[in-house]
Amino acid sequence: MNKPDFTLEKIKFAFDNPIFDKAIALYESGKVTDVDESIRSYTGIVIRTKPYRVSVEARSFRYAYCTCYLGKNDIYCKHMLALAISILLGKTK
Ligand SMILES: [Zn+2]
């Protein structure tokens with residue numbers, strides 16, 4: 001998988017701890033699945049009560065989409081952040 005333009009440091013700097021910690025928890029508990037790469041973007045599925053389809057562009061973690069209620073309303077959600085973190089840190093066991 002190619003590295004995106006963003007880094008974990010940039011993400012951490014951009015968000016308050018609550019959303020960052022929630023996204024890390026999603027990542028660490030293996031809720032981010034089917035992470036895949038296409039042209040300058042990434043997709044994945046975050047398993048909650050429903051599976052949410054998430055995408056993040058390689059140029060910035062801020063260009064993201066998610067099928068959850070917040071994502072549909074253009075609000076940055078923890079699922080987007082969890083996918084961005086997964087791209088950077090790789091698969092969990
Ligand atoms: Zn979401």
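**Close-up 1. Ser60 in strand 4.** With a relative accessibility of 14%, Ser60 counts as buried (under 20% relative accessible area, with exposed meaning over 50% and partly exposed in between; 1.4 Å probe, protein chains only). Ser60 is placed in strand 4; helices (H or I, at least four residues) and strands (E, at least two) are DSSP runs, numbered from the N terminus. A polar atom of the Ser60 side chain lies 3.0 Å from the backbone nitrogen of Arg62. The model is predicted: local features need pLDDT of at least 70 and side-chain atom pairs count only at pLDDT 80 or more, while totals for chains, interfaces and linings use all residues. Residues are numbered from 1 along each chain as its sequence is written, and side-chain values use heavy atoms, with hydrogens and water left out.

**Close-up 2. Aromatic pairs of Phe15.** The structure holds 3 aromatic pairs; rings of Phe, Tyr and Trp (its six-membered ring) pair if their centres lie within 6.5 Å, and planes under 30 degrees apart count as stacked, over 60 as edge-to-face and the rest as tilted. The Phe15 and Phe61 rings have centres 5.9 Å apart and planes at 55°, so this pair is tilted. It joins distant parts of the chain, 46 residues apart: Phe15 lies in the loop between helix 1 (8–14) and helix 2 (17–28), and Phe61 in strand 4 (residues 60–66). Phe15 counts as buried at 14% relative accessibility, and Phe61 counts as buried at 5%. Phe15 also forms a tilted pair with Tyr76, at 5.1 Å centre to centre and 35° between the planes. Tyr76 lies in the loop between helix 3 (69–72) and helix 4 (78–89), 61 residues from Phe15. One aromatic cluster is formed by Phe6, Phe15, Phe61 and Tyr76.

**Close-up 3. Arg59 and the ring of Tyr63.** Arg59 lies over the face of Tyr63, 3.9 Å from the ring centre. A charge sits over a ring if NZ of Lys or CZ of Arg is within 6 Å of the ring centre and within 35 degrees of the ring normal.

**Close-up 4. The two sides of helix 2.** Phe20, Ala23, Ile24, Leu26 and Tyr27 are buried in helix 2. Seen down the helix axis, the buried residues fall within an arc of 160°, so they line one face of helix 2; the arc is that of the directions from the axis to the C-beta atoms. The face turned away from the buried side carries the exposed residues Pro18 and Glu28. Just after helix 2, Gly30 takes a positive phi of about 75°.

Technical notes: A polar contact is a pair of N or O atoms within 3.5 Å; within protein, one must be able to donate a hydrogen and the other to accept it, and residues adjacent in sequence count only if both atoms are side-chain atoms.
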